[in-house]
Amino acid sequence: MKITSIEAKVCHARMRNWIFVKINTDQPGLWGWGEATLEWHTRAVVGAIEDISTLLVGEDPRRIEYLWQMMYRQHFWHGNGIVRGTAISGIDIALWDIAGKIHGVPCHELWGGRVRDYIRLYCHLGGGKMEDFYETGRNDAKRFGELAQEAVEDGFTAFKSMAVPETMPLEGLRPIRYAEACVGAMREAVGDDIDIMVDCHARPSPRMGMMFAKALEPFGLYFFEEPCWPETMEDIALIQRSVNTPIATGERLIGIHAFRELFEKRAASVIQPDITHCGGLSEVRRIAAMAEAYRVSVAPHNPQGPVSTAASIEFGFSAPSYIICESVHSDVPWRQDIVEEGFTVEKKGRIVKPNTRPGLGIEINEDEIRKHPFQQEVLQRSFYQDGSVGDW
Ligand SMILES: [Mg+2]
């Protein structure tokens with residue numbers, strides 16, 4: 001059995017270009033789907049997939065670990081940068097899809113079988129519409145409360161918001177009070193039975209991140225995400241030690257070595273590996289095994305396209321420390337035209353029942369992909385009041 005070609009198929013989905021990876025084989029009807037979406041890096045990832053395919057075409061797709069080692073090591077530069085890591089991830093996911101199809105079982109059955117009956121999803125306020133998630137008015141706590149209520153009416157028992165505004169490395173009380181007002185409005189709107197998460201997008205400096213974490217501690221967040229840059233892991237660890245709120249991070253980390261540092265520093269209660277960036281299903285399983293040793297929870301980062309979601313779900317049915325999965329459901333109205341999924345989502349509670357089809361259990365409609373060719377992603381550039389560059 002041989003890999004005959006690896007194709008990257010770009011599908012413009014408003015905020016992102018979804019990059020689907022299709023691995024074709026010499027067996028009639030046998031191919032695999034992966035995803036390597038990386039916003040604002042679409043051309044680079046497509047090129048990286050082309051570079052890597054020079055290593056893989058002609059190889060046996062069943063030798064997943066052998067091929068992973070090749071991809072990571074055999075072009076001299078290790079595959080732990082974001083572009084190469086994402087390309088490797090997309091290919092690795094597609095190889096696991098093929099493996100499941102060869103054996104006629106869902107991927108989670110290849111990894112020791114189901115460890116749970118269902119997976120809980122959480123949404124972004126506004127359901128993935130970037131305007132609602134990223135552009136809620138600066139002083140509009142009431143709007144946060146309304147969106148929170150909508151998420152619950154939509155069946156979700158957990159949601160995430162961007163209630164921490166962009167701040168300069170040091171600012172006074174104003175942004176702190178703003179975050180308190182927004183989170184307070186959400187808590188009041190949905191009560192104590194719903195889990196609320198706040199994503200800082202690593203915007204704050206370490207000290208501002210600490211101040212936000214302390215201010216929001218009384219609201220009982222399910223987790224508080226990326227309070228400062230992952231480059232300052234010591235400071236994330238300091239915040240984790242300073243509040244009861246579980247700190248989450250990891251969506252920008254690639255590979256086991258980056259996660260090893262996170263674990264060794266006891267920096268988080270929740271890790272958020274992105275299966276389309278961290279090294280694919282092969283690497284996320286190693287990362288999750290490390291998380292087991294530290295009793296750290298796993299909640300994958302998954303704001304991208306439908307293959308990423310299918311991979312996140314298959315992985316979740318096999319990983320004991322997995323607690324919840326990020327989901328977007330209204331980023332583009334034609335999402336379900338692109339994919340037919342093997343898993344089912346119950347609206348009440350937004351819980352996912354397992355896929356029983358082989359591999360990732362998905363069918364991708366290539367004609368639909370062709371309707372949405374590459375377009376430059378909308379730039380999301382942030383500048384502070386004085387004109388200096390900020391983090392989005
Ligand atoms: Mg995040």
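The protein chain is divided into domain 1 (3-105) and domain 2 (109-360), with bounds that come from an automatic or database domain assignment. Residues are numbered from 1 along each chain as its sequence is written. As the model is predicted, local features need pLDDT of at least 70 and side-chain atom pairs count only at pLDDT 80 or more, while totals for chains, interfaces and linings use all residues.

Where the domains meet, 36 residues of domain 1 are in contact with 25 residues of domain 2, contact being defined as C-beta atoms, placed from the backbone, within 7 Å. The elements below each supply at least two residues of the side of domain 1 that touches domain 2; helices (H or I, at least four residues) and strands (E, at least two) are DSSP runs, numbered from the N terminus.

| Element | Residues |
|---|---|
| Strand E1 | 3-13 |
| Strand E2 | 16-25 |
| Strand E3 | 31-35 |
| Helix H2 | 64-73 |
| Helix H3 | 82-103 |

The largest share of this side, 15 residues, comes from H3.

The largest nonpolar core has 113 residues, and Val-21, Ile-49 and Ile-91 have the most contacts inside it. Such a core is a set of buried Ala, Val, Leu, Ile, Met, Phe, Trp, Tyr and Cys residues joined through C-beta atoms within 7 Å, where buried means that 20 or more other C-beta atoms lie within 10 Å of a residue's own. H3 gives the most to this core, with nine residues, and the core draws at least three residues from each of domain 1 and domain 2.

Key
Contact = placed C-beta atoms within 7 Å. Buried ≥ 20, exposed ≤ 12 C-beta atoms within 10 Å, placed from the backbone.
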